[in-house]
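Visitor: I'd like a quick tour of this one. Can you walk me through it?

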Amino acid sequence: MRGDDLETGDYLLAPERIWSEYDGVPGGISLPAMCGELFSQQIFNWQEFAVAHMAMKGAWLRELTSGPHTLLVQFNQGRTISATAALGAETVSKRPCFLCVHHLPAAQKAVLYRKSFLILVNPFPIFSPHYTVVNVNHEPQELAGHLGALLALSHDLGPAFTVFYNGPRCGASAPDHHHFQVCPAGMIPAEKAWEAAGRDILPMDREGLSFGVLRLPGRISLVMEGSVPDALEAFLRRLIVTMGEVMGSAEEPMLNLICMQKDGKLRLLLFPRRKHRPEAYYREGEKSVLVTPGAVEMGGLLITIREEDFLKMTPVLAEEIYGDVSLPPELIEEIVRHVRRDRA
Ligand SMILES: [Zn+2]
């Protein structure tokens with residue numbers, strides 16, 4: 001497993017930022033305990049964060065059902081900057097990177113994770129707690145080079161947390177600085193859909209790795225599960241290459257990824273994408289809906305930043321949004337065929 005890339009990051013020049021350090025030493029303080037302490041420290045010592053966190057705790061939430069599936073809608077004005085960010089290459093290159101250690105708010109502290117990432121409380125939270133796990137180096141948002149780190153992080157955080165990744169054109173508001181995010185397990189509806197949803201998951205090898213699809217309203221997720229991180233990492237790496245071939249993408253294929261630990265196994269939900277924002281985002285007047293789907297939205301929790309969008313969301317509108325931004329089902333089936341044929 002990777003996750004131990006020991007390049008010199010800027011954090012070395014900012015030791016006052018480091019609240020605690022996690023190196024995975026057996027018998028040491030657990031990562032969830034360290035993150036919990038960081039969260040408490042930040043709530044007590046960083047007033048703007050405490051206010052944003054309290055506002056999020058009071059955010060309106062609606063539950064919509066669509067057959068056996070649950071969709072949640074949250075009204076969260078704190079996410080306005082993230083949901084409407086202009087992400088053109090020129091815009092991004094001209095603004096200061098808000099994930100680089102020297103541009104963090106003065107009161108922000110971090111858990112230094114395996115010398116490779118800074119775990120930060122998200123200053124515009126959707127969850128309680130909600131962490132952003134930021135690479136110590138300013139390098140582009142990208143998954144393939146960090147699969148080992150993702151699986152190691154999910155393993156170290158344990159079954160109480162879920163890790164997610166947004167591709168650079170799939171909901172990440174910092175496409176120029178590599179990062180993951182973390183929320184409490186069970187908050188994203190698709191995590192619970194595994195048992196309820198129509199699914200087609202087959203064992204792929206003798207090490208207990210399985211792969212298939214999970215059908216959800218308006219979208220399909222590629223899913224995989226395994227107890228051997230190295231085997232899962234190799235499989236995922238190959239899957240991303242296959243996706244790129246089928247999707248005709250020279251860059252990283254557009255995707256969102258959700259990773260969790262369940263019954264001693266790592267379980268991943270991957271949403272192949274074709275668009276950053278749905279058509280509804282660009283409509284004028286009453287028909288416009290400002291939703292920018294990332295992993296959280298693809299997982300069934302839609303974040304709205306305007307009251308009118310919060311109130312007008314229906315299962316039908318959500319399915320339209322999912323259909324717009326998801327890779328078409330026939331291409332997903334083709335990816336599955338390729339993967340199964342390669343492994344046969
Ligand atoms: Zn940066």
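Guide: A term to start with. Buried means under 20% relative accessible area, exposed over 50%, and partly exposed in between, with a 1.4 Å probe and protein chains only. On the source: this is a predicted model, where local features need pLDDT of at least 70, side-chain atom pairs count only at pLDDT 80 or more, and totals for chains, interfaces and linings use all residues. Residues are numbered from 1 along each chain as its sequence is written, and side-chain values use heavy atoms, with hydrogens and water left out.

Visitor: What coordinates the zinc ion?

Guide: C97 (SG), C100 (SG), H138 (ND1) and H177 (ND1), at 2.1 to 2.3 Å. Donors here are N, O and S atoms within 2.8 Å of the metal (3.2 Å for Na, K and Ca); water is not among the atoms, so sites may look incomplete.

Visitor: How are those donors spaced along the chain?

Guide: The zinc donors follow C-x2-C-x37-H-x38-H. C97 sits in the loop between α4 (89-94) and β4 (110-113), and H177 in the loop between β7 (161-166) and β8 (179-184), so this pair ties together parts 80 residues apart in sequence. Helices (H or I, at least four residues) and strands (E, at least two) are DSSP runs, numbered from the N terminus.

Visitor: Are C97 and H177 buried or exposed?

Guide: C97 is buried, at 6% relative accessible area. H177 is buried too, at 1%.

Visitor: Switching topic. How many aromatic pairs are there?

Guide: The count comes to 12. Rings of Phe, Tyr and Trp (its six-membered ring) pair if their centres lie within 6.5 Å; planes under 30 degrees apart count as stacked, over 60 as edge-to-face and the rest as tilted. One of the pairs is Y22 with Y113, stacked at 5.8 Å centre to centre and 15° between the planes.

Visitor: Where do Y22 and Y113 lie?

Guide: Y22 is in strand β1 (residues 18-22) and Y113 in strand β4, 91 residues apart. Both Y22 and Y113 are buried.

Visitor: Why is the W60 and F75 pair called tilted?

Guide: Their ring centres are 5.5 Å apart and their planes at 50°, so the pair is tilted. W60 counts as partly exposed, at 43% relative accessibility. F75 is buried, at 13%.
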